[in-house]
Amino acid sequence: MGCVVLGGCAAGPSLEDQGAVTAPPGDSRHLTVGSAGFTESDLLAQMYALLLEEAGYGTKILSVTNRELYEPALERGQIDVVAEYAATFADWLNAKANGPDAPTVGSPDLAETMTALRALAAPRGLVVLDPGRAVDQNAFAVTAAFAAEHRLKTLSDLGATGLPVRLAAGDECVRRPYCAPGLREVYGIDVTAVDPKGVGTTPAKRAVQSGRDQLVLTTTTDATLDEFGLVLLADDKNLQNADHIVPVVNRARSGSEAVTRALSRLNTVLTTADLARLNEQVDSWRRLPEAVARNYLVGKGLIPRRGSGGRRHGRHRPGTSAR
């Protein structure tokens, strides 16, 4: 794809172009796979690209820092496919369509969440493919010492202490309902500030490890908590919803059955535990995401064993987006 700067050069249907949304699904032979720039998103993007290449597509990976940037690019066809999280993406699209105060549509019920998500995605020219087995939800961690000192096992326990808490997270956490606002409203946690160090990043974990912050936003598939002396607090009031991993494609460019078949091959294979182990290989063992993704797909019999052909990547910009 010739345009890697996320501005102009629209290629897919926009919300205003309703005729394009009802046109036959497209099948571009050269597809751009989006990544949100954090380990798990990079791994999923690599696996999607490898599966598409095996199905005969040319691919390129473009890393974009957050949903506020990559979702419009997906609508315009500058990005053709991206891995998303069902409930989070449903609520994000709902807020975009109906305003930030719109009632949430994501829920712990996967079927209800998928129905709402697909209804919101379709007018934007997006197709949400079937969810897989892997689920990744936001999670919150403290140091093991802090947990022991205050007898913390759950987020409710933390709220009951009344302690002021600085939260290391992405800057989007300030407004997203399953982050700082939810911690305050559902658990009564006194979040005094959000330290914008990203979701589950090394600087974020070190900030908690050092005592600068008390709580860090990470995910349930984070495999590096032990390295920083951190433990998860249980989401005992179910603040987090059905965040199964789902591929989302631009209908006009990549809505074909061939793309759906290629990406759906991962659904019955990849589990939450698998994803945690893959994250660990990148974050703790310092292996490259493409190599880890390729080895996994080869091991599961989804692609043949062969050399890594020089896939061309978009410019990488580190950082991530709080779900």
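Cys173 and Cys179 are both buried in this predicted model. The two residues form a disulfide, with their sulfur atoms 1.8 Å apart. A disulfide is a covalent bond between the sulfur atoms of two cysteines. The torsion about the S-S bond of Cys173 and Cys179 is about -90°, so this disulfide is left-handed. The count of disulfides comes to one.

**Confidence**

How far does the predictor trust the chain? The mean pLDDT of the protein chain is 89. A value of 70 or more is reached by 88% of the residues. Residues 1–5 have a pLDDT below 50. Beyond near neighbours in sequence, that stretch has eleven contacts in the model. Residues 7–20 also have a pLDDT below 50. Beyond near neighbours in sequence, residues 7–20 have 28 contacts in the model.

Helix H2 covers residues 39–54, which makes 16 residues. From its first C-alpha to its last, H2 reaches 23 Å. That is close to the 22 Å expected at 1.5 Å a residue. H2 is mostly covered, with 14 of its 16 residues buried.

Helix H13 runs over residues 289–299. Eight of its eleven residues are buried, so H13 is largely enclosed by the rest of the structure. Among the buried residues of H13 are Pro289, Glu290, Arg294 and Tyr296. Val292, Ala293, Leu297 and Val298 are buried in H13 as well.

A glycine with a positive phi comes just after H2, and another comes just after H13.

| Residue | Place | Phi |

**A residue in helix H5**

Thr113 is found in helix H5, residues 110–121. Is Thr113 buried or exposed? Its relative accessibility is 0%, so Thr113 counts as buried. Which residues does Thr113 contact, leaving aside its neighbours within four places in sequence? Three alanines, Ala86, Ala87 and Ala90, are among them. Thr113 is also in contact with Val105, Gly106 and Ser107. Ala242 is another of its contacts.

**Rings**

How many aromatic pairs are there? The count comes to zero. One ring does have a charge over it: the charged end of Arg29 sits over the ring of Tyr57. The distance from the centre of the Tyr57 ring is 4.0 Å.

How values were computed
Residues numbered from 1 in each chain as written. Predicted model: local features only at pLDDT ≥ 70, side-chain atom pairs only at ≥ 80, totals over all residues. Heavy atoms only, no water. Phe/Tyr/Trp six-rings, centres within 6.5 Å; stacked < 30°, edge-to-face > 60°. Lys NZ or Arg CZ within 6 Å of the ring centre and 35° of its normal. pLDDT = per-residue confidence, 0-100. Contact = heavy atoms within 4.5 Å. Helix = DSSP H or I, 4+ residues; strand = E, 2+ residues; numbered from the N terminus. Expected span 1.5 Å × (residues − 1). Buried < 20%, exposed > 50% of the residue type's maximum accessible area, 1.4 Å probe, protein only. Disulfide = S-S within 2.5 Å.
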